[in-house]
Amino acid sequence: MRKSVHGQWSSRWAFVLAATGSAVGLGNIWKFPYITGEYGGGAFVLVYLLCVIGIGVPIMMSEILLGRRGRQSPVNAMYTLALEAGRSPWWQIIGWLGVVAGFLILSYYSVIAGWALAYVFRTGSGMFGGATADGVQNIFAALVADPERLIAWHTLFMAMTVVVVARGVSGLEGAVRYLMPGLFILLLLMVGYAMNTGEFGRGLSFMFRPDFHALFHQVDAAGNEYFTWEGVLAAMGQAFFTLSLGMGAIMAYGSYLPAHASIARTTLTIAGADTLVAILAGMAIFPLVFANGLQPAAGAGLIFQTLPLAFGHMPGGDFFGAAFFILLVFAAWTSAISIIEPAVAWLVENRGLKRTQAALACGALAWALGLLTVFSFNIWKDFTPLSGLELFRDSTLFDLLDFLTSNIMLPVGGLLIALFAGWMMRREASRDELDLGEGAAYRGWRILVRYLTPAAVLIVLLNLLGILKV
Ligand code: TRP
């Protein structure tokens, strides 16, 4: 067996911090509110929560156990584990799928994180003092309309990511330990502010009262409503995205986990913290949406068009606003690092590159791909290459990349991971690695990864074919 070239986390806590740093990011604060708004609120949130519990938790346990047992980058870990179990080396396709998904995800992730960077300066300089809803929307529109500015911020964020990846992932324990609680406290403050806007009740009922009609129906170009599973697929995709699952990021981190740390407890801690942050972000944002006559379905700009309104009107808003966006950038930073880790680890192990070289090469490729997203908001805003399909009628390149990665690649990767852990590995191997004994917890996990999780993912994915009507 190949010897691991990795170090190890100093403790279980170090791993929890790093994995939480990976999980908590733009997915919670930017994406969760905006797609919840697009798919009509409560029912979407309910399906998302069910996916976190029934699909996310068992798959996260599987990824950590595969990573720890394989002790290498996902590509090599899957290869070793497949041989160990007497299975086809083709299972390393899980690792390759993850490497490709990582490039695609990081490419747009960095552009959006660039928006957050830009907003540090916009809030900090008092640009939003006394702002109106129109004013805030115009400021956002002006930013995304300017490809040069977007490229500048995207470049800065990618450079930040490359620097940390080059030094090795264990450097970020400190950032997560101190900055995550800071983000959490600021979110609580924002929720507190939202409580006093007068529309808190409406925001809460939008998020927590399930409206299944809104989840299962869309309107076509002719204005007719039709039934669709698109929202359910998006909720499942969001569960994968927000927990960093399905592409080997958590597997790569798991390869550094000390042997006797409990995988089950670790998973519940990470998934719990991640979910809490997303729910708080929603509770901070939707009351503001309704109080200011904005649209919950405003799209990818939602948080940038709502939070600054709050910062523009609260005492000390410039300070809190800048602090909030700084912490959001840190959260995105600790996530971005994990997105590219499978590719970097593979280059180091198999191509003999130094981490610095590997990080630079991966960053350069993801940066170039990121231009597709940059242009999706301005010069290629009307370029909708798949508009022949109703599902993608208005989808820009950015929308398509997001759909392809979150809603297809991550669920397919997750499905393969569950099948491998549930059916391909020897029972004793997974039992020893999870270290739960033979009790109900182990048997519950095994039933989930063998039957329920794959079935759920498959059913939702197969309905994609139904969604693809022209
Ligand atoms: N989970 C992170 C977020 O919510 C993003 C992320 C990090 C990710 N690593 C990933 C998404 C791996 C998919 C796969 O912002």
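This is a predicted model: local features need pLDDT of at least 70, side-chain atom pairs count only at pLDDT 80 or more; totals for chains, interfaces and linings use all residues.
Author: Residues are numbered from 1 along each chain as its sequence is written, and side-chain values use heavy atoms, with hydrogens and water left out.

Reader: Why is Leu307 called buried?

Author: Buried means under 20% relative accessible area, exposed means over 50%, and partly exposed covers what lies in between, with a 1.4 Å probe and protein chains only. Leu307 has a relative accessible area of 2%, so Leu307 is buried. Leu307 lies in helix H14 (residues 302–313), where a helix is a DSSP run of H or I with at least four residues, strands being runs of E with at least two, and both are numbered from the N terminus.

Reader: Which residues does Leu307 touch, not counting residues up to four places away in sequence?

Author: With contact meaning heavy atoms within 4.5 Å, Leu307 touches Met190, Ile285, Leu288 and Phe324.

Reader: What makes Gln305 count as buried or exposed?

Author: The relative accessibility of Gln305 is 12%, and therefore Gln305 counts as buried. Gln305 also has its place in helix H14, and, leaving aside neighbours within four places in sequence, Gln305 is in contact with Val136, Gln137, Phe140, Leu294 and Ala298.

Reader: How do you know whether Glu438 and Asp435 are buried, partly exposed or exposed?

Author: Glu438 stands at 37% relative accessibility, so Glu438 counts as partly exposed. Asp435 stands at 54%, so Asp435 counts as exposed. Glu438 lies in the loop between helix H18 (427–434) and helix H19 (440–467), and Asp435 is found in the loop between H18 and H19 as well. Asp435 has a positive phi of about 60 degrees although Asp435 is not a glycine.

Reader: What makes the pairing of Glu438 with Arg431 a polar contact?

Author: A polar contact is a pair of N or O atoms within 3.5 Å; within protein, one must be able to donate a hydrogen and the other to accept it, and residues adjacent in sequence count only if both atoms are side-chain atoms. The side chains of Glu438 and Arg431 make such a contact at 3.1 Å. Apart from residues up to four places away in sequence, Glu438 touches Arg427, Arg431 and Arg443.

Reader: Why is H4 described as largely enclosed by the rest of the structure?

Author: Eight of the 11 residues of H4 are buried, and for that reason H4 is largely enclosed by the rest of the structure. The buried residues are Pro74, Val75, Asn76, Ala77, Met78, Thr80, Leu81 and Ala82, and they pack against H3, helix H5 (93–124), helix H12 (249–254), H15 and helix H17 (397–424). Just after H4, Gly86 takes a positive phi of about 75 degrees.

Reader: What makes H5 and H7 roughly perpendicular to each other?

Author: Axes are lines fitted to C-alpha atoms, for helices over the stretch in contact, and angles run from 0 to 180 degrees between N-to-C directions. Angles under 35 degrees count as roughly parallel, over 145 as roughly antiparallel, 65 to 115 as roughly perpendicular and the rest as oblique. H5 and helix H7 (residues 147–167) pack at about 105 degrees, with axes 7 Å apart, and therefore H5 and H7 are roughly perpendicular to each other.

Reader: Why are H2 and H3 called oblique to each other?

Author: Helix H2 (residues 26–38) and helix H3 (residues 42–70) pack at about 130 degrees, their axes 8 Å apart, and H2 and H3 are therefore oblique to each other. Phe32, Ile35 and Thr36 in H2 meet Phe44, Val45 and Tyr48 in H3.

Reader: How many residues of each class has the contact of H2 with H3?

Author: Ala, Val, Leu, Ile, Met, Phe, Trp, Tyr, Cys and Pro count as nonpolar, Asp, Glu, Lys and Arg as charged, and the others, Gly among them, as polar. On that basis the contact of H2 with H3 has five nonpolar, one polar and no charged residues.
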